[in-house]
Amino acid sequence: MTISPVIKKDYLNQLASDGKRADGRKMNEYRPIVIETDIIGKAEGSARVTIGNTQVVAGIKMAIGTPYPDTPNQGVMSTAAELIPLASPDFEAGPPRENAIEISRVVDRGIRESDVIKFDELCIIPGEKIWLCFIDIHIIDYDGNLFDASSLAALAALLTTKVPIEQHRESLEPLIEKFPDIQTYLDTHQNDYPLPVREPPISCTFAKFNNTIVVDPALDEEEIADVRLTVATDEKGDIRAMQKGLNGSFSVEEIKNIIKEAVINGKELRIKLKESIGR
Amino acid sequence: MKSDKQLIDETGIRSDGRKPDELRNVIIKAGVLHRADGSCYLEWGGNKVIAAVYGPREAIPRHSQNSLRAIVNARYNMAAFSVDDRKRPGPDRRSREISKVISEALEKVILTDYYPRAAIDVNIEVLNAEAGTRCAGLTAAGVALADAGIPLKDIPVACAAGKIGATEEDGTFTGGHVVLDLGKEEDNFGNADLPIAIAPRTNEILLLQMDGHLSSDEFERALDYAIKGCHDISKLQKEALLKKYNVSEGDE
Amino acid sequence: MSQSEREIVIPSQYLGECDQFKSGRGTFIENGKIYSQIIGILQRNEKYLNVISLKGKYDAVTGDTVIGIIDAAMSSSWLVNINAPYPALLHVNEVPWRVEFNETDKYLNSGDTIMTVVSSVDMEKKLQVSMKDRNLFKIKGGTIIDVEPSKIPRIIGKKGSMIQLLKKYTQCRIFVGKNGRIWIDGKQDMIGKAIQAIKLIEKESISFGLTDKIEDFLKHNSDLKEV
């Protein structure tokens with residue numbers, strides 16, 4: 001583990017108490033965000049997101065599978081994040097550790113619980129054949145705020161995903177005899193088509209150190225943060241997912257303020273996201 | 001790997017429009033990551049790879065240390081979304097083998113005795129795979145090593161040649177035509193693949209694998225092609241490294 | 001410096017013949033020819049061909065004053081990160097205090113910053129540092145930033161001209177460690193200004209007329225955005 005010097009932490013804390021940040025940002029200001037989509041030819045949807053120096057690539061793969069018995073009419077999604085050793089001297093190879101699992105769970109929840117993907121439209125034959133949607137998040141360069149970068153990358157990738165029916169047509173055709181409804185599905189879906197999605201919630205992450213709250217913490221700020229809060233809000237400004245992290249605490253008042261800021265920042269991020277996917 | 005699919009026509013044009021000795025398009029950028037000690041982004045045809053170097057740093061665990069030289073750990077990894085059918089994350093037997101042969105190839109050109117007890121970690125991530133990822137990965141790793149300031153005797157570079165089904169000028173079909181840098185279809189339906197890596201200054205062979213079927217003559221032709229391909233790619237590697245530093249040079 | 005002295009070379013690049021030049025830093029010999037082993041700037045003087053590295057870890061040299069960060073306190077020594085490939089050892093006998101066995105953490109602890117000197121580098125590159133000099137101390141206040149160790153000579157400047165400039169215009173105390181770490185202490189906004197100027201030097205280190213450019217920046221850049 002890289003140990004950062006105490007005096008540097010003290011310096012950042014001191015700046016914070018004067019309302020300043022080391023890179024000159026305002027407390028409620030994001031670093032520059034760049035979103036690119038359709039960068040991975042093999043993926044059904046993909047995006048690369050940079051927030052400052054943080055860089056994340058997300059790719060969507062789709063396949064045909066069997067539904068869960070309790071949701072026979074719905075498609076299935078799964079989310080995985082990998083903190084690969086490419087991104088930081090402190091990331092190790094091997095199965096995902098708890099940090100990677102937390103990121104993938106938080107991103108997953110933001111998408112799943114808000115029904116961003118119209119799961120009922122991913123059903124081909126109830127109880128038999130549905131679309132599986134795999135979201136894989138690759139952290140390429142780590143300079144803090146992986147929650148927002150990962151979530152934005154996953155959303156940009158999902159919103160540009162095409163359901164690859166052309167590639168899977170052959171595997172469905174032999175089933176027509178047994179399940180005549182497949183014919184209808186194939187007739188109405190001749191070509192690859194956009195993944196049916198709803199307006200997504202947008203995540204904003206805040207960190208608190210020295211009793212100051214900042215949005216989009218950079219790595220050196222994350223290192224001194226006592227506590228972190230991610231808030232996902234929808235286009236109406238309602239709250240759709242939250243996650244508090246680290247061993248510090250917030251007052252109720254602080255959380256209310258964070259939510260207000262999350263709504264404001266969320267609006268701006270939503271515009272950026274839509275511009276990037278051409279909507 | 002054997003097929004009678006025609007992948008090159010009687011005028012010597014391949015199914016993707018290339019001539020027999022023509023490379024796919026290659027783009028190389030040095031220094032693309034802020035956190036790594038050295039890095040490289042490389043596109044080779046449809047392949048997209050990133051390599052990042054960390055180190056030299058003290059090798060951990062301690063028993064892995066060599067008191068005379070640095071150890072080189074290359075780690076080749078494919079993103080789950082990089083292939084047609086989603087790949088389960090994490091290393092499999094194929095990626096472990098590729099990691100091993102790449103580590104060994106890189107070790108030959110790194111002046112490892114400068115850094116006893118240290119490790120040099122080379123992470124290669126394949127983001128999009130389309131035939132020839134190990135060559136693309138090793139080539140990117142070579143640039144990332146130089147970008148990290150690691151002392152090298154040479155900048156390693158890789159390229160493959162192979163053999164594909166062909167119709168000759170007189171109209172007869174033959175099982176094989178030696179070509180440079182197999183593309184996606186050629187990789188799937190070709191009759192031989194010969195990826196190599198070389199130290200371009202000396203032409204020493206650092207990595208060599210082969211599968212399929214080649215006569216001795218065909219092998220020699222394939223090797224010539226691959227070495228020539230390596231030299232062409234080597235120029236792009238060097239340009240990428242120089243380009244990174246030319247930005248602030250001579251701007252006054 | 002003339003244009004030719006700023007030539008950038010890359011590993012494996014041919015630099016000259018052994019019978020004309022001696023193979024200096026950053027180079028190696030093969031079959032009577034001298035090649036570069038790193039990416040760097042070629043320096044030709046009458047006898048030697050040197051390549052001055054542009055990037056890479058700090059290569060510890062005995063006698064260098066460096067800024068270290070304590071990794072761990074052990075029973076009779078500390079492990080110190082000096083930005084080299086290896087941690088350096090600081091023994092209790094090498095500090096200006098009398099430290100009892102197992103009481104090292106009363107003096108220096110993980111995350112503390114020290115000015116120290118490289119006292120030995122052995123064959124296996126095992127590093128030792130010492131604080132037994134009145135100019136060496138535990139650093140309190142201010143902040144530190146990291147730059148490429150190879151850029152340190154540019155930040156110091158010819159006969160210290162650049163660093164004097166930085167001190168003059170920011171009124172900060174600035175200590176430059178050979179290992180690429182710089183300690184800056186002063187008024188908060190001035191620390192910020194010094195950091196920006198140093199980043200600019202690092203970025204433009206291979207351009208010409210840098211001293212004037214930096215003086216310009218320090219003089220005119222009073223309307224800095226925040227810090």
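How many residues of chain C are in contact with chain A, and how many residues of chain A do they meet? In this predicted model, 17 residues of chain C are in contact with 12 residues of chain A. Chain C also meets chain B, through 25 residues of its own and 29 residues of chain B. The points below treat chain C and its contacts, then selected elements of chain A, and lastly one residue of chain B.

**Chain C: overall form**
- Chain C contains four helices and 16 strands, and its C-alpha trace spans about 55 × 50 × 25 Å along the principal axes.
- Of its 227 residues, 40% count as buried.
- Among contacts in chain C between residues at least 6 apart in sequence, 57% join residues at least 24 apart.

**Chain C: contacts with other chains**
- On the side of chain C that touches chain A, the elements giving two or more residues are strand 8 (65–73) and strand 14 (143–146) of chain C.
- That side, facing chain A, comprises four nonpolar, eight polar and five charged residues.
- The contact with chain B involves 25 residues of chain C; by class, this side of chain C has 12 nonpolar, six polar and seven charged residues.

**Chain C: domains**
- Chain C is divided into domain 1 (3–53), domain 2 (65–139) and domain 3 (143–220).
- The C-alpha centres of domain 2 and domain 3 of chain C lie 26 Å apart, and each of these two domains gives nine residues to their contact.
- On the domain 2 side of this contact, strand 8 and strand 11 (113–121) of chain C are the elements that give two or more residues.
- Strand 8 of chain C provides the largest share of that side, three residues.

**Chain A: helix 2**
- Helix 2 of chain A covers residues 98–112; at 1.5 Å a residue, its 15 residues should span 21 Å, and the end C-alpha atoms are 20 Å apart, which agrees.
- The buried residues of helix 2 of chain A are A100(A), I103(A), S104(A), V106(A), V107(A), D108(A), G110(A) and I111(A).
- These buried residues pack against several elements of chain A, among them strand 4 (76–82), strand 6 (129–141) and helix 3 (146–159).

- Strand 2 of chain A (residues 45–51) is largely enclosed by the rest of the structure, because seven of its seven residues are buried.
- In a regular strand, side chains alternate between the two faces of the sheet.
- From strand 2 of chain A, G45(A), A47(A), V49(A) and I51(A) point one way, while S46(A), R48(A) and T50(A) point the other way; all are buried.
- Strand 2 of chain A pairs in the antiparallel sense with strand 1 (residues 33–37) of chain A over five bridges, and A47(A) stands opposite T37(A).
- Strand 2 of chain A also pairs in the antiparallel sense with strand 3 (residues 54–65) of chain A, over seven bridges; here T54(A) is the bridge partner of I51(A).
- The hairpin of strands 2 and 3 of chain A has two residues between the strands, and G52(A) takes a positive phi near 60° there.

**Chain B: the setting of D21(B)**
- D21(B) belongs to the segment before strand 1 (26–30) of chain B.
- D21(B) counts as partly exposed because it has 16 C-beta neighbours inside 10 Å.
- Beyond its neighbours within four places in sequence, D21(B) is in contact with L180(B) and Y225(B).
- Although 205 residues separate D21(B) from A226(B) in sequence, their C-alpha atoms are 9.0 Å apart in space.

Key
Residues numbered from 1 in each chain as written. Chains lettered and ligands numbered in written order. Predicted model: local features only at pLDDT ≥ 70, side-chain atom pairs only at ≥ 80, totals over all residues. Buried ≥ 20, exposed ≤ 12 C-beta atoms within 10 Å, placed from the backbone. Contact = placed C-beta atoms within 7 Å. Nonpolar A, V, L, I, M, F, W, Y, C, P; charged D, E, K, R; others polar. Expected span 1.5 Å × (residues − 1). Pairing = 2+ DSSP bridges. Domains from an automatic or database assignment.
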